[in-house]
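Take a walk through this structure, one element after another. Keep the sequence and the model side by side as you read.

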Amino acid sequence: MSAIPQIEAVNDFVIKFANVNGSGSASANELFAKAILRMGVPVSPRNIFPSNIQGLPTWYEVRVTEQGHLGRRGGTDMMVAMNPQTWDADLAELEPGGYLFYDSTRPLPPSKFRSDIRVIGMPLTEICNAVYQDPRQRQLFKNIVYVGALAILLGIEPEVVEKLFGEQYKGKEKLLASNVQALHLGCDFARENLREPVGLQVRRADRVGNRIFVDGNSAAALGCVYGGATVAAWYPITPSSSVAEAFQKYCTKFRVDPSTGQHRFAIVQAEDELASIGMVVGAGWNGARAFTATSGPGISLMTEFIGLAYFAEIPVTLINVQRGGPSTGMPTRTQQADILCCAYASHGDTKHVLLFPQDPHECFEHAAAALDLADRLQTPVFLMTDLDIGMNQRLCEPFAWDDSAAYDRGKVMSAEELEAGRDFGRYKDVDGDGIPWRTLPGTHPTKGSYFTRGTTRDAYARYSERGPDYIYNMERLLKKFATAATLVPQPVLRPAAEKTDLGVIYFGSTSPSMHEALETLEEQGIHLDALRLRAFPFPDSVVQFLAQHRQVFVVEQNRDAQMRSLLINELDADPARLIRVLHFDGTPITARFIVQAISTHVQQTQALRAAGTKESA
Amino acid sequence: MTYLAKPRLRHPTLATNKVGYTRRDYEGKISTLCAGCGHDSISAAIIEACWELDIEPHRVAKLSGIGCSSKTPDYFLGASHGFNTVHGRMPSVLTGANLANRDLLYLGVSGDGDSASIGLGQFAHAMRRGVRMAYIVENNGVYGLTKGQFSATADQGSKSKKGVVNTDNPLDLVAMALQLGASYVGRGFSGNKEQLVPLIKGAISHGGSAFIDVISPCVAFNNHPGSTKSYDYVREHNEAVSRIDFISGREEITVDLGPGEVMDVRQHDGTVLRLRSLHPDYNPGDRYAAMAYMQRHHEMGEVVTGLLYVDPLATDLHTALNTSDRPLNALGPAQLCPGAQALERLNNSLR
Ligand SMILES: Cc1ncc(C[n+]2csc(CCOP(=O)(O)OP(=O)(O)O)c2C)c(N)n1
Ligand code: SF4
């Protein structure tokens, strides 16, 4: 055994749990990750789960990362193999010198193992069957027992886990006691029987700071609460459902009038996505802040209404938690593949505002900003998150709120203003920014009422089929879109350590992997100025960035380089200078992947240049 | 309807209602529908009902889908905000609008194509949610705006303008509304103003989801070949000079049907509709009896009109959601935003 080379790593490794969906492992695995976090060591966990409730394989991967690299690393150093169905594949995924932890109750033939890994067997089923009578408990506590054993093997303090139990089962003493008992069952067995030291260790550190650990969907929902959304209409779809569910939870906590018990919110689970966006359009038209949360197929259904909201100029906020498409594609995997379909959603000439948060912190911030922008611009605004940020807990900066900030309700003309004789033309560009004034139903007995429709009208909202009226309107909408570019969150520039003519553009959940990749590339002598996009329409700084670099890599998680297409289409960017870096197998992009793609390209072009050949993209 | 622009000046002797408005204040733009279209009579009935109810016009929000019928909100209550949404999906937009501001009166106007075909799902769900509104379907059995295709309420065996025979069973929106839990359900005829105005008044005053199916003959498209000879003839000879279909204006069909009476009404296409007005001692308090009554008379070839069912104590979606009395669109950060301190506590719970 000892002849096998072992991976040795402190606070920097990947451990993966292979479980069966529905076996109750999720909370135990999360507990494991949180315990490490409480020891001051950053972690980045990811759920890899099937589109199924029970029986199919599910994985939970925890990257323990003292350096704070929160992207997916790739490769596995320790596999907790609890699913016989995926045994072979799980084993194959282990790095040489890695560790296999498994339930050794039933003996397996040597052919089932690899010679270049270390195997740690523990008779989990046997232990649980001996202690518990109830079949449910036997199954559930198996998960806690392995957490206990792993704690001892990896140097996680059991007291930290106990403390977490204490918080989780506050007021439920019986549950608390039985969980602590199961934990110790695992700890004790490991201390007595699993003596050989494991090279992967967790050691107390101080690298978490005041960051919080939260999933993007909860964060976006909280952003909607803080941003003043009062109407939410939705239809269940993975991976977005937990946005609405979290909104319900936070509203129940924060928005119930203490004296009357009345709700300062309305949440409707609609009959489908057509109805959910319809309700949001109706509420937005009538002056409430409203949003819906959905994913790709839902967006497809909503497009007719999105076109109406664009043309009739109604504030609408959509949270699109992207998943693998097209169609049902990979419903429980991640992608950034709805960019074009959202940017141009609906028939005719349309363009929509998209925001790209990089983590839960920005999900919160951008959700609140989206509500402001929708009101200011009187148009649909999309928050483009994805499964990777939406459904995984991520370490991020704490949420912040400025109590003095007022909501930007945009240009809503009041009864007083109407009374004072202000000229009201619903679709008139009075301020030169393309944004007209609106009135809300019921404002004034004789002034300011108008008829909203999806057909062409003149500046005073009167039905029109005249070409000039149509053109005035369509061009004003373009002007409004140009105004939007000045209001949306601006891109973030991360200059290279050395002067370079290479750039990279990225956005959203790619960020942590990208940041890690930039460090590695720098170590290899490849310097890149990096621009993180945070919104469409693209502000001028994006044009400048493109102009300043000979070649710009565009890193994205889809097959067709949709962001690159959008840059080319909207900015007339030279396609030859935009290099695709694409990852779209449904797993989150890794730093390894980005480094590989960029360094290969750089080496190739260098070789070509050295050979005197004209470079090509 | 009239093609003459209405004079802007108000006659000083026009009667005003309790809130100080004349009937004219409830009118809208000049209708662009075909002369004699039943939909215009319904607009007139809505105007009458709102005037009689002393409703301030700007406190009404009128929403519709797409179709000739859905255009009509532009032709009444000119001082109200209107919203011509997308085909069949008015109910969801109305629901959202209602959630945003519970203080206005919501009038939903739709067609049989709009509500019984593309919008059937939304119709059903708005009824079952108990959205407070008066939902009026202007039912002509055809698609008017797209020129004469069958709607889902067209009778089996009826012929389209192009001679196609409808083989599908018709949907009865009134039966569905009763089954879906609407708390006010009635049927009217566009030409029977005496009955229609009170029906609309009742619907507007109702505390839950009110539904009225109004039979509204289409001048242009419920023709059958036999009765359209001259129409076709004119059309044939007209095409060279104009590509617009020729539509002969007709007198709108009106009836004077007292309670309990049955009457045969000849429509523009020559077909006959047998209307039965509910008897004065009909009890509209029993949903199941209403269903049975309707069904029985349907089998007798009669179309029952009147108020079929009402639950006078009905409540609405806001009651179910326990939303604040103050409209949601009137709440500001003080009522909505939990503030920085609460956020700090939340941050702490996430560490
Ligand atoms: C998504 C969509 N599909 C089709 C249409 C075309 N369309 C417009 S009105 C209409 C039917 C209208 O019929 P109905 O609701 O019965 O109203 P009527 O014109 O008879 O009053 C159709 C199919 C549309 N506007 N949108
Ligand atoms: S086509 Fe029929 S429904 Fe449309 S306006 Fe003419 S008569 Fe009325």
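This is a predicted model: local features need pLDDT of at least 70, side-chain atom pairs count only at pLDDT 80 or more; totals for chains, interfaces and linings use all residues.

Residues are numbered from 1 along each chain as its sequence is written, chains are lettered from A and ligands numbered from 1 in the order in which they are written, and side-chain values use heavy atoms, with hydrogens and water left out.

Start with chain B. Its secondary structure comes to 12 helices and nine strands. Both are DSSP runs, numbered from the N terminus: helices are H or I with at least four residues, strands are E with at least two. Of the 351 residues in chain B, 54% are buried. Buried means under 20% relative accessible area, exposed over 50%, and partly exposed in between, with a 1.4 Å probe and protein chains only. Contact means heavy atoms within 4.5 Å. Among the contacts in chain B with a separation of 6 or more, 69% come from residues 24 or more positions apart.

Now find the sheet. Two strands pair if DSSP finds at least two bridges between them. Look at β1 (residues 60-64) and β2 (residues 81-84) of chain B: they run parallel and are joined by four bridges. Lys62(B) stands opposite Gly82(B) in β2(B).

Angles run from 0 to 180 degrees between N-to-C directions, and axes are lines fitted to C-alpha atoms, for helices over the stretch in contact.

How many residues of α3(B) are buried? The count is 11 of its 11 residues. The axes of α3 (residues 90-100) and α5 (residues 120-129) of chain B come within 7 Å and cross at roughly 35°. Met90(B), Pro91(B) and Ser92(B) of α3(B) meet Gln122(B), Phe123(B) and Ala126(B) of α5(B). By class, that contact has four nonpolar, two polar and no charged residues. Ala, Val, Leu, Ile, Met, Phe, Trp, Tyr, Cys and Pro count as nonpolar, Asp, Glu, Lys and Arg as charged, and the others, Gly among them, as polar.

Turn to ligand 2. The residues around it include Cys34(B), Cys37(B), His39(B), Cys68(B) and Cys218(B). A residue is near a molecule or strand if one of its heavy atoms lies within 4 Å of it. This shell has eight nonpolar, three polar and no charged residues.

Salt bridges come next. The structure holds 49 of them over all chains. Each is a side-chain nitrogen of Lys or Arg within 4 Å of a carboxyl oxygen of Asp or Glu. One joins Arg129(B) and Glu271(A) at 2.8 Å, N to O. Arg129(B) lies in α5 of chain B and Glu271(A) in the loop between β11 (266-269) and α9 of chain A, so the pair joins two chains. Arg129(B) is buried at 13% relative accessibility, and Glu271(A) is buried at 14%.

A second bridge stays in chain A: Arg438(A) and Asp375(A) meet at 3.6 Å, N to O. Arg438(A) lies in the loop between α14 (415-419) and β17 of chain A and Asp375(A) in helix α12 (residues 360-377) of chain A, so the pair ties together parts that are 63 residues apart in sequence. Both residues are buried. Shared partners join Arg289(A), Asp372(A), Asp375(A), Arg409(A) and Arg438(A) into one salt-bridge network.
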